[in-house]
Amino acid sequence: QVQLVESGGGLVQAGGSLRLSCAASGIITGINVMGWYRQAPGKQRELVASITSAGSTNYADSVKGRFTISRDNAKNSVHLQMNSLKPEDTAVYYCSLTNTWSWVSKSDYWGQGTQVTVSS
C-alpha cells in the first residue's frame, strides 16, 4: 500500500504564495508520476500539475507561469510552489501518485487533501 501525506495548505490573500508538500511511503515503483489535483466546490477534480520520476512536468493552462512542481526522488516527495495566487485557485488540493507496474498496469493513490483558500 501507499500512503500520501500532504501539508502546507492554508489561507492567503490574492497575490500571495503557498507551498504544498506531499510525502509518499510504501511500495513505490521506479517509474511513477506524482502530481497535484484540485477540486473546488461544485466542480470536478482537475489536474493542476504532474511530474514523472524522470522529471518531466505538465501543468494546467490556468497555473502555467505561476505554479512550479518539483520532486525529491530520494525522499519520495513532491512539492507545489504556488505564486501569484488568485481567488479562483481556492480548492481542496490532493496529492497523487501513479505507480507504473507495466505498460498496461498502473495504480493510483490519493492523499487526504489540503484546503487552499485565497481571499480577494
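Contact here means heavy atoms within 4.5 Å of each other. Keep that in mind as we walk through this predicted model, in which local features need pLDDT of at least 70, side-chain atom pairs count only at pLDDT 80 or more, and totals for chains, interfaces and linings use all residues. Residues are numbered from 1 along each chain as its sequence is written, and side-chain values use heavy atoms, with hydrogens and water left out.

Let us start with N32, which sits in strand β4 (residues 32-39); strands are DSSP runs of E with at least two residues, numbered from the N terminus. Leaving aside residues up to four places away in sequence, N32 touches I51, T52, S53, R71, L97, T98, N99 and T100. The relative accessible area of N32 is 4%, so this residue is buried, a word used for values under 20% with a 1.4 Å probe and protein chains only. Its side chain also reaches the backbone oxygen of T29 at 2.8 Å, which is a polar contact (a pair of N or O atoms within 3.5 Å, where one must be able to donate a hydrogen and the other to accept it, and residues adjacent in sequence count only if both atoms are side-chain atoms).

T98 stands opposite D108 in β10. Strand β10 (residues 105-110) runs antiparallel to β9, and six bridges join the two. Two residues lie between β9 and β10 in this hairpin.

The structure holds one disulfide, a pair of cysteine sulfur atoms within 2.5 Å. The partners are C22 and C95, with their sulfur atoms 2.1 Å apart. C22 belongs to strand β3 and C95 to strand β9 (residues 91-102), so the bond ties together parts that are 73 residues apart in sequence. The torsion about the S-S bond is about -80 degrees, and the disulfide is therefore left-handed. Both C22 and C95 are buried.

Four strands form an open sheet in the order β1-β3-β8-β7, with antiparallel pairing; two strands count as paired if DSSP finds at least two bridges between them. At the edges are β1 (2-7) and β7 (67-72), each pairing on one side only. On average, neighbouring strands of this sheet are turned by 15 degrees against each other, direction ignored. Between β1 and β3 (residues 18-26) there are six bridges, and L4 stands opposite A24 in β3.

L4 brings us to the largest nonpolar core, which has 29 residues; L4, W36, L80, M82 and Y93 are those with the most contacts inside it. Such a core is a set of buried Ala, Val, Leu, Ile, Met, Phe, Trp, Tyr and Cys residues joined through side-chain atoms within 4.5 Å. Among the elements that give two or more residues to this core are β1, β3, β4 and β9. Y93 touches W36, L80 and M82, among others.

R66, in the loop between β6 (57-59) and β7, touches M82 along with Q81, N83, S84, L85, K86 and D89, not counting residues up to four places away in sequence. R66 is buried, with a relative accessible area of 11%. The side chain of R66 reaches the backbone oxygen of S62 at 2.9 Å.

Methods. Axes are lines fitted to C-alpha atoms, for helices over the stretch in contact, and angles run from 0 to 180 degrees between N-to-C directions. Buried means under 20% relative accessible area, exposed over 50%, partly exposed in between (1.4 Å probe, protein chains only).
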